[in-house]
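Trainee: Hi! Could you walk me through a structure that is new to me?
Mentor: Happy to, let's open it up.

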Amino acid sequence: MKTLTEQLIRTATKRSDTEGVFVRPDGTTHIATLGEVHARASAAAAALQRQGVGPSDVVAVQLPATFDGAVAQAAVLLTGATVLPLAPTTGDRDLGFALRQSGARLLVAAAALRSGPLEQALATAGALPALETVVVVGQPGPPTSLPWTGFRATGFVPPASVTPDDRALLVYTSGTTAEPKGVQHTHRTLAAELAGMPSIFTSGEAEVHLAVFPPGHVAGFLGLLSFLALGIPMVCLEGWDAAVAARLIHERAVTSSVGTPAHLSAILDVAEREGLRTDSLREYMLGAATVPPALVERADARGIRAFRTYGSSEHPTISSGRADDPRDKRIGTDGRPTPGTEIRIVDGAGADVPVGIDGEILARGPEQFVGYLDPSLNEGIRYGDWLRTGDVGHLDADGFLTVTDRLKDIIVRGGENISSREVEEAVARHPDVLDAAAVGWPDERLGERVAVFVVLRPGGSYDVPAAVTQFEELGLARHKTPERVVPIDTLPRTPSGKVRKPDLRSRLQIGN
């Protein structure tokens, strides 16, 4: 098999005219062909090689989803080094942690980060003994830094020593409950992920993909790779803006996208309000959060076949639906295992459970990561050669997976296990609820009770009596009914869209 380095070179030659459209939050665009991106990346790769960067090194890139961000990440891959993409929103503490633990030798970053000037962020980060060079995009950076505008050279030579089993990507998890974990992927695992994409999306040669996930998240990196390594036309948002996204779908005839329920819901809101067309958008993959059934139905009404997917930084796509799946499967399941991936559902003793019964989800497949950067974190993540996902779910008779919860998000009320995801999906069916997150509310007698945080429609209402009525109508057990409802303007989320439940639990503990 080819390495990503070889695949990028081959695709840039075969599909050099493929367009990438890089869009700023104000709607202004930078359009570049894949050939132009590759030419600039080759020049940057030659400059990296002159800095001594090669296959054994880590290069960090902290840039938004811009032309320069795409070029910088492509350049690192061309040298055979490991790319470490960091979200522009990464705080100074996490930036220092990632640079220090990874041993990044070079950093390409914007002079002004979301947290402040780059120079200040690096000073706050503390000692970074491995970091030799900082390359700055934009206004002048730290005194010893190099300007990105001049960071180019001639004479790029593809490395001969890179193999498919060499590391290509180091991406850090969101770190909602502990220090971020450095997830390692090789050329082989990423190539396996890319190979599975055509089995999910059905648009084929006509596809124009809208990328909304930020750099620093595995979905953001894979979206970029679909452009660089597969030659899929890409419309890429530098920062999320629902109005800009909806107009781009209308103007650029976007055919597919991947996002959270919040992304799709906001796009539909804008399209309906402004009368924008969405008929080109044939398929939308939803992940990273609970998917309200009403959202899939709403998308269907506009001709958009939305479907769910399930994965993680460690195993990017474990299962996925497809646009041509039956509606009940798209609404109620997370799809079938992706090609080459196997799934087991096991009980606490590791024994397989019957079809339709919840248990912990184990997975294995060719796109699975090769381990955490900190080897001590690998303990307990494996069950033989299976990955322990830490998620709960079941398989149906047709082989479709439904993820019902995280093991750590199970609410235990008086000895009864309650799926927070089941509660969330039920609450989200209420017409006044836009978003919901369920957590355990500490209780001296029962251990926990069910609490739910809700984002309401303007003028809407939802309280405990409404929940009681709704859950009775849905035929759900009484002990699953929320006993506390907390309205909230917006749910706290990680950059990848996952709800920060520890933040919500803290609010309950302090009585807010």
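Trainee: Which residue forms a salt bridge with Asp-279?
Mentor: That partner is Arg-277, and the closest N and O atoms are 2.6 Å apart. A salt bridge here is a side-chain nitrogen of Lys or Arg within 4 Å of a carboxyl oxygen of Asp or Glu. Before going on, note that this is a predicted model, in which local features need pLDDT of at least 70, side-chain atom pairs count only at pLDDT 80 or more, and totals for chains, interfaces and linings use all residues. Residues are numbered from 1 along each chain as its sequence is written, and side-chain values use heavy atoms, with hydrogens and water left out.

Trainee: Is Arg-277 buried or exposed?
Mentor: Arg-277 is exposed, at a relative accessible area of 53%, while Asp-279 is partly exposed at 48%. Buried means under 20% relative accessible area, exposed over 50%, and partly exposed in between (1.4 Å probe, protein chains only).

Trainee: How many salt bridges does the structure hold?
Mentor: There are 28 salt bridges. One of them pairs Arg-330 with Asp-300, with the closest N and O atoms 2.8 Å apart. This pair links distant parts of the chain, 30 residues apart: Arg-330 is in helix 11 (residues 327–332) and Asp-300 in helix 10 (residues 293–301). Helices (H or I, at least four residues) are DSSP runs, as are strands (E, at least two), numbered from the N terminus.

Trainee: And is Arg-330 buried or exposed?
Mentor: Arg-330 is buried, with 2% relative accessibility. Asp-300 is buried as well, at 14%.

Trainee: Switching topic, how many residues has the largest nonpolar core?
Mentor: It has 81 residues, and Leu-99, Trp-148 and Leu-225 have the most contacts inside it. A nonpolar core is a set of buried Ala, Val, Leu, Ile, Met, Phe, Trp, Tyr and Cys residues joined through side-chain atoms within 4.5 Å.

Trainee: Which helix gives the most to this core?
Mentor: Helix 3 (residues 67–79) does, with nine residues.

Trainee: What does Leu-225 touch?
Mentor: Leaving out residues up to four places away in sequence, Leu-225 touches Leu-4, Leu-8, Leu-77, Leu-190, Leu-194 and Leu-230. Contact means heavy atoms within 4.5 Å.

Trainee: What does the second, separate core include?
Mentor: That core has 32 residues, including Val-23, Val-212, Leu-248 and Val-270.
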